[in-house]
Every structure is written in C-alpha cells, then in structure tokens.
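User: Hi! Could you walk me through this one with me? I have a few quick questions.
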Amino acid sequence: MSQKVAVLGTGKIGEALLSGMIRAGWSPADLLVTARRPERAAELRSRYGVATVGNAEAAKTAGTLILTVKPQDMGSLLDELAPHLPADRLVISGAAGIPTSFFEERLAEGTPVVRVMTNTPALVDEAMSVISAGSHATEEHLAHAEEIFGGVGKTLRVPESQQDACTALSGSGPAYFFYLVEAMTDAGILLGLPRDKAHDLIVQSAIGAAVMLRDSGEHPVKLRENVTSPAGTTINAIRELENHGVRAALIAALEAARDRSRELASGKKD
C-alpha cells in the first residue's frame, strides 16, 4: 500500500490537517490534495508544495484517503471514488453524522474505514479528534489515524456508538464557548467597559481556566468553589445562572446537537 495520504475536499479543516501534518514532519511529496475549484487547488500547491490531483487519481495513488467534504456531498464523492479504490486503502471520514457502514456499503468489500470527528481548533493545533473503527479497521489503521490527527491536537478513541455524543460535545463545542464569550463581552459593555478591554479580560480568563482544568487534575466543581467565597460576587452570579436555567439549557442544547447528528446519519437534511 502506498504511503501517500490524500486529503479530499480541502476546506478549512482539510487545510488545517494538511498544514499540521507538514509541521509534524510529513513530507509534502507524500501528500496529495483535491479541491473543487482550480484556483483553490493552485493556492494549496503554492502554499504547501503538495500535488493537487483529481478524486479518481487520489483513489488510485494514495494509501490513505481523508474525506473532509460536507456530509451532503459524501454520497456523490463515494460514487466517484468507488470504481478506482482498491479494498486495501484506508478511508478516514471527517463527516459529521455519517456512520462507517455508509462507506462500507458503497466501497469494495473489506475496505477499512475510520470515522473521525475533529473540531476547528485544528487551525491552531489544539483540536479534539475522536476516532472510531469501522468493521474492517485494525489497530494499525487506528494508530495511523491517530498519527495523522495527532499533528493538530489531541486524539481519543471511542466506540462508534458514542460518536454522536462526541459531536455534540467537542465537534460543536467551540461554538458554545464563542457564544459564551460573545454574551460575556456584551455584559462587560453593559457594565461600562470598552469592547476591546472586555474581550481581553474574558479571553484570558477563559485560557487560564482551561489550562487549570487540563493541568490541575481537579474536578471543575472544586475549581469553581475555589473562586466562590461566602456572600461574595461569584456566588451571586452563580445564583442568577441557576435561576435562569443555564445548566438545563446547556444540557438541552447538547441533546439537540446529538439528535441532529443522528438525523444526518439517517439522511435527513432539513
């Protein structure tokens, strides 16, 4: 099997993965990319020194294909790849909601498929990539996927049955934090701070809190209690969050994201 890796549908996530692999030591000579628009292909060639090819050529040439097209475009891409894709190629899917069985039914019998849900912090090498094996994927295939996605952040293996929950938590997760920062920035303005100062205060607080969660080993409840002194400012704020049902709203939001991932898997688009 060829050692070449092809990224098909090189949008933001695909490009982040491509650049991360190069930073991690992959040779551009071993990387192929496909892009729908010729000008996008030329941009990637110029920026990374990689070869740009058509989807059929990628299927014939690369030992590993990473499919990063939108979920609604995956079926037509597989129809294009199937006649050219031998069963010894590893197919890695980055499409939300689409199970490995969808690929296995459309590709040659025995084709190994690995499903990966990553997120946009791949752009800054801080992604959370969740990896699941299809029916024919081996330990070697999973390790290869971890090597690739480890270049842009952390990886975690889970059973495929947990992928929809992981999509809700980490795939969509960055958007929740951006939403919270947006709301807190508006609150800072309401309290009399300039937007830029409110933004800087919140972003640095978020970074510091995230590092403490990652490195301290403490439960988030303990870390929160360390900030929450009796009759102080923080407990008054927490009381209002509880009064407004923020915890329940977050749980409901993640359930909605999980349910939408399941709908995508069943083929529902609207």
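User: Great. What kind of model is this?

Analyst: This is a predicted model.

User: What does the UniProt annotation cover at residues 4-97?

Analyst: The UniProt record, an unreviewed entry, has the annotation "domain: Pyrroline-5-carboxylate reductase catalytic N-terminal" for residues 4-97. In the model, that span is 40% helix and 19% strand, and its end C-alpha atoms are 27 Å apart.

User: On to pockets. How much space lies in the second largest pocket?

Analyst: The second largest pocket holds about 910 Å³. Its lining is made up of 33 residues, and those nearest the centre are Gly9, Gly11, Thr68, Val69 and Lys70.

User: Which elements give two or more residues to that lining?

Analyst: Those are helix 1 (12-23), helix 4 (74-81) and helix 7. Helix 1 gives the most, with four residues.

User: And what is the lining like by class?

Analyst: For the second largest pocket, there are 15 polar, 11 nonpolar and seven charged residues in the lining.

User: You mentioned helix 7. How does helix 7 pack with helix 8?

Analyst: Helix 7 (residues 163-171) and helix 8 (residues 173-190) have axes 5 Å apart, at an angle of about 35°. On the helix 7 side the contact uses Ala168, Leu169, Ser170 and Gly171, which meet Gly173, Pro174 and Tyr176 of helix 8. By class, the residues of this contact are four nonpolar, three polar and no charged.

User: Switching topic: where does Pro28 lie?

Analyst: Pro28 is in the loop between helix 1 and strand 2 (31-34).

User: Which residues is Pro28 in contact with, leaving aside neighbours within four places in sequence?

Analyst: Pro28 is then in contact with Ile22, Tyr48, Gly49 and Val50.

User: And how are Pro28 and Val5 separated?

Analyst: Pro28 and Val5 are 23 residues apart along the chain, and their C-alpha atoms are separated by 9.8 Å.

Notes
Residues numbered from 1 in each chain as written. Predicted model: local features only at pLDDT ≥ 70, side-chain atom pairs only at ≥ 80, totals over all residues. Heavy atoms only, no water. Axes fitted to C-alpha atoms, helices over the stretch in contact; angles between N-to-C directions. Contact = heavy atoms within 4.5 Å. Nonpolar A, V, L, I, M, F, W, Y, C, P; charged D, E, K, R; others polar. UniProt positions renumbered as here; feature names shortened; annotations may be inferred. 1 Å grid on protein atoms, 1.4 Å probe; cavity = no way out; pocket = protein on both sides within 12 Å on 5 of 7 lines; lining within 4 Å. Points joined across faces, edges and corners; volume = space filled by probe spheres on them.
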